[in-house]
Amino acid sequence: MIRIEPAGAEALLLTLAEEPEVDLSVRLAELARRLREGLGEGVRDLVPGWTTLMLHYDPYRIAPQILEERLGPLLAEWHAWRPAEDAGRLHEIPVWYAGEDLATVAVACGLTGEGVIELHSAAEYRVGAIGFAPGFAYLGGLDPRLVLPRRATPRARVPAGSLAIAEAQTAIYPQASPGGWHLLGRSPWRPFDPAVTPPCPLALGDRVRFVAIGREAFLDLGGRE
């Protein structure tokens, strides 16, 4: 059941599901595309979340009652649409699995360090949301055997490029920042680069696989210890 609620004078919050679903991020990206196309210059911005889409509109270009009339058919058509299993670009990201928390994660999950690496690198993840920091992509699809709560005490500084897990998600920290996730490794890949276009290579609905590499390959690819 889709809920539409006002979020201030010039925005609507569309709640599209109660819980995150496997293909919802792909469907949210498609809905955003359809809304931009169908509402034209009336759309100021579209901000996706795990289960929501915030629609900011210009009331001088599209009156609220006209917006409501156009939203109905657009949402009905979108609700019936389902993506292909391989929808979204696939990114293969190198990771040196030598994180500070690898051993403690292994113990907490009843696995060996090699077992954690095998499970984490075997999965295919989906970009469910981007936030917290520029380029910080929340990736869903973590193996249930690796699901852990966040650290009881967050770190004051997590190095840029750190690969981490928390609850049912995994992510790479784009910049050095505080963080409470469990660190499994480091990647030389850059999740955010303001000097290129687009600055964030990952987009909502994209697919991600992590490829295990060694220390030498990590350094050769530009990684820093």
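The legends below describe close-up views of one predicted model.

Residues are numbered from 1 along each chain as its sequence is written. Because the model is predicted, local features need pLDDT of at least 70 and side-chain atom pairs count only at pLDDT 80 or more, while totals for chains, interfaces and linings use all residues.

**View 1. Four strands form an open sheet.**
Helices (H or I, at least four residues) and strands (E, at least two) are DSSP runs, numbered from the N terminus. The strand order is S1-S2-S4-S3, and the pairing is antiparallel. Two strands pair if DSSP finds at least two bridges between them. Strand S1 (3-6) and strand S3 (43-48) stand at the edges, each with a single partner strand, so one side of each has no neighbour in the sheet. From one strand to the next, the twist averages 20°. Strands of a sheet pair through backbone hydrogen bonds, either parallel or antiparallel.

**View 2. S3 runs antiparallel to strand S4.**
Which residue in S4 is the bridge partner of aspartate 45? The partner is histidine 56.

**View 3. Helices H1 and H2 lie across strands of the sheet.**
Helix H1 (residues 24-39) lies across strand S2 (11-15), S3 and S4. H1 runs at about 175° to S3. Helix H2 (residues 64-79) lies across S1, S2 and S4. The angle of H2 to S4 is about 145°. Axes are lines fitted to C-alpha atoms, for helices over the stretch in contact, and angles run from 0 to 180 degrees between N-to-C directions. Contact means heavy atoms within 4.5 Å.

**View 4. Helix H3 meets helix H4.**
H3 spans residues 102-109, and H4 spans residues 113-122. Their axes come within 8 Å and cross at roughly 90°. That makes H3 roughly perpendicular to H4 (angles of 65 to 115 degrees count as roughly perpendicular, under 35 as roughly parallel, over 145 as roughly antiparallel and the rest as oblique). Leu102, Val105 and Ala106 in H3 touch Gly113, Val116 and Ile117 in H4. The residues of this contact divide into 5 nonpolar, 1 polar and no charged. Here Ala, Val, Leu, Ile, Met, Phe, Trp, Tyr, Cys and Pro count as nonpolar, Asp, Glu, Lys and Arg as charged, and the others, Gly among them, as polar.

**View 5. Strand S13 pairs with strand S5 and with strand S6.**
S5 (residues 90-96) and S13 (residues 207-213) run parallel, joined by 7 bridges. Proline 94 stands opposite valine 211 in S13. S6 (residues 125-130) runs antiparallel to S13, with 2 bridges. Arginine 126 stands opposite arginine 207 in S13.

**View 6. The largest pocket has a volume of about 420 Å³.**
On a 1 Å grid over the protein atoms alone, a pocket is an open set of points with protein on both sides within 12 Å along at least five of seven lines; a cavity is a set where a 1.4 Å probe fits but cannot get out; lining residues have an atom within 4 Å of a point. Grid points are joined across faces, edges and corners, and a volume is the space filled by probe spheres set on the points. Of the 20 residues that line the largest pocket, Glu21, Val22, Arg126, Gly140 and Gly141 are the closest to its centre. H1 and S6 are the elements that give two or more residues to the lining. The lining divides into 9 nonpolar, 5 polar and 6 charged residues.

**View 7. The largest cavity holds about 40 Å³ of space.**
The count comes to 1 cavity of 30 Å³ or more. Its lining is Ile93, Gly135, Ala137, Leu139, Ile172, Trp189, Pro191 and Leu202. These divide into 7 nonpolar, 1 polar and no charged.

Terms used. Heavy atoms only, no water.
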